[in-house]
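Biologist: Before I use the labels attached to this chain, I would like to see what each one rests on. Please show me the structure and start with the terms.

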Amino acid sequence: MLVHPRPGVGSYWMEKLYGENLENYFTMIYLDQRGSGRSGSAANSDYSLNRMARDFEEVRQPLKIDSLITFVWYSANNPCQVIP
């Protein structure tokens, strides 16, 4: 699951620049935080960390993803990778 690093940015550019390569090795989920990128604004203005964590779970659970094998993130346009 790829989540952009800061509000307002969105994951679209990462998907377009690196998506094809990443998708050769991983099942990618591009998740835009509430009110950013291709995501709508929160109806109740809840942008809390707890709400964000629930958003991630609401994507993960229906897809039956039990665990993340590899978590990829980026900050300041520098991709990083953590393998738990």
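Modeller: A contact means heavy atoms within 4.5 Å. This is a predicted model in which local features need pLDDT of at least 70 and side-chain atom pairs count only at pLDDT 80 or more, while totals for chains, interfaces and linings use all residues. Residues are numbered from 1 along each chain as its sequence is written, and side-chain values use heavy atoms, with hydrogens and water left out.

Biologist: What share of contacts in the protein chain between residues at least 6 apart in sequence join residues at least 24 apart?

Modeller: That share is 48%.

Biologist: What makes up the pattern of the protein chain, read along the sequence?

Modeller: Two helices and four strands, in the pattern β-α-β-α-β-β. Helices (H or I, at least four residues) and strands (E, at least two) are DSSP runs, numbered from the N terminus.

Biologist: Why is M14 called buried?

Modeller: Buried means under 20% relative accessible area, with a 1.4 Å probe and protein chains only. M14 has 1% relative accessibility, so M14 counts as buried. M14 lies in helix α1 (residues 12-23), and its C-alpha atom is 8.8 Å from that of L2, twelve residues apart along the chain.

Biologist: Which residues in α2 are buried?

Modeller: R51, D55 and R60 are. Across the protein chain, buried residues account for 27% of the 84 residues.

Biologist: How do you know that the span of helix α2 agrees with its twelve residues?

Modeller: The expected span is 1.5 Å times one less than the number of residues. For residues 49-60 that should be 16 Å, and the end C-alpha atoms of α2 are 17 Å apart, so the two agree.

Definitions and conventions. Buried means under 20% relative accessible area, exposed over 50%, partly exposed in between (1.4 Å probe, protein chains only).
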